[in-house]
Amino acid sequence: MLKMGEISIKINIADRVYPLRINASEEEVVRKAAKEINDRIKMLMQNYEVKDKQDLLSMCVLHYATAALK
């Protein structure tokens, strides 16, 4: 059951769909984050021989975690 101000959305990351319940005010940020992740994965696929989605997701997480810690 949705709480007041919540919405249900579906986000696609690395060709997998994730249903989410978020505050309506967060939708734009969540969709932008998913797009950035997918863009990073695409860039990694183009620049490296890595094709396994799990490896690409791990490399993506490492990139964003490192950036957050700086």
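Helices, like strands, are DSSP runs numbered from the N terminus, a helix being an H or I run of at least four residues. The views below are all taken from a predicted model.

**View 1. Salt bridge between E27 and R31 in helix α1 of the predicted model.** R31 forms a salt bridge with E27, and the closest N and O atoms of the two side chains are 2.9 Å apart. Because R31 and E27 are 4 residues apart in helix α1, which spans residues 27–47, about one helical turn separates them. R31 has a relative accessible area of 38% and is therefore partly exposed, and E27, at 26% relative accessibility, also counts as partly exposed. Side chains of opposite charge can pair when their charged atoms come close.

**View 2. Salt bridge between E28 and K32 in helix α1.** E28 pairs with K32 in a salt bridge whose closest N and O atoms lie 3.7 Å apart, a value to be read against the cut-off of 4 Å that applies to a salt bridge. Both E28 and K32 belong to helix α1, where they are 4 residues apart, or about one turn of the helix. E28 counts as exposed at 57% relative accessibility, and K32 likewise counts as exposed at 51%, the class of exposed residues being those over 50%.

**View 3. Salt bridge between D15 and K53, joining a loop to helix α2.** The structure holds 4 salt bridges, and one of them brings together the side chains of D15 and K53, with an N to O distance of 2.7 Å. D15 lies in the loop between β1 and β2 whereas K53 lies in helix α2 (residues 53–69), so this pair ties together parts that are 38 residues apart in sequence. D15 counts as exposed, with a relative accessibility of 62%, while K53 counts as partly exposed, with a relative accessibility of 30%.

View 4. Strand β1, made of residues 6–13, pairs with strand β2, made of residues 16–23, in the antiparallel sense over 8 bridges. Within this pairing, N12 stands opposite V17 in β2, and I11 stands opposite Y18 in β2. The hairpin has 2 residues between the strands, and A14 takes a positive phi near 55 degrees. In a regular strand the side chains alternate between the two faces of the sheet.

**View 5. Packing of helix α1 against helix α2.** Two packed helices are described by the angle between their axes and the distance between the axes. For α1 and α2 the angle is about 115 degrees, and the axes are 10 Å apart; the crossing of the two helices is right-handed. On the α1 side the contact is made by E36, I37, R40, I41, L44 and M45, which meet L56, L57, M59, C60, H63 and Y64 in α2. By class, the contact of α1 with α2 has 9 nonpolar, 1 polar and 2 charged residues.

**View 6. Position of K42 in helix α1.** K42 has its place in helix α1, and with a relative accessible area of 54% K42 is exposed. K42 and E6 are 36 residues apart in sequence, and their C-alpha atoms are 31 Å apart in space.

Definitions and conventions
Residues numbered from 1 in each chain as written. Predicted model: local features only at pLDDT ≥ 70, side-chain atom pairs only at ≥ 80, totals over all residues. Heavy atoms only, no water. Pairing = 2+ DSSP bridges. Buried < 20%, exposed > 50% of the residue type's maximum accessible area, 1.4 Å probe, protein only. Axes fitted to C-alpha atoms, helices over the stretch in contact; angles between N-to-C directions. Left-handed = near helix turned anticlockwise from the far one by under 90°. Contact = heavy atoms within 4.5 Å. Nonpolar A, V, L, I, M, F, W, Y, C, P; charged D, E, K, R; others polar.
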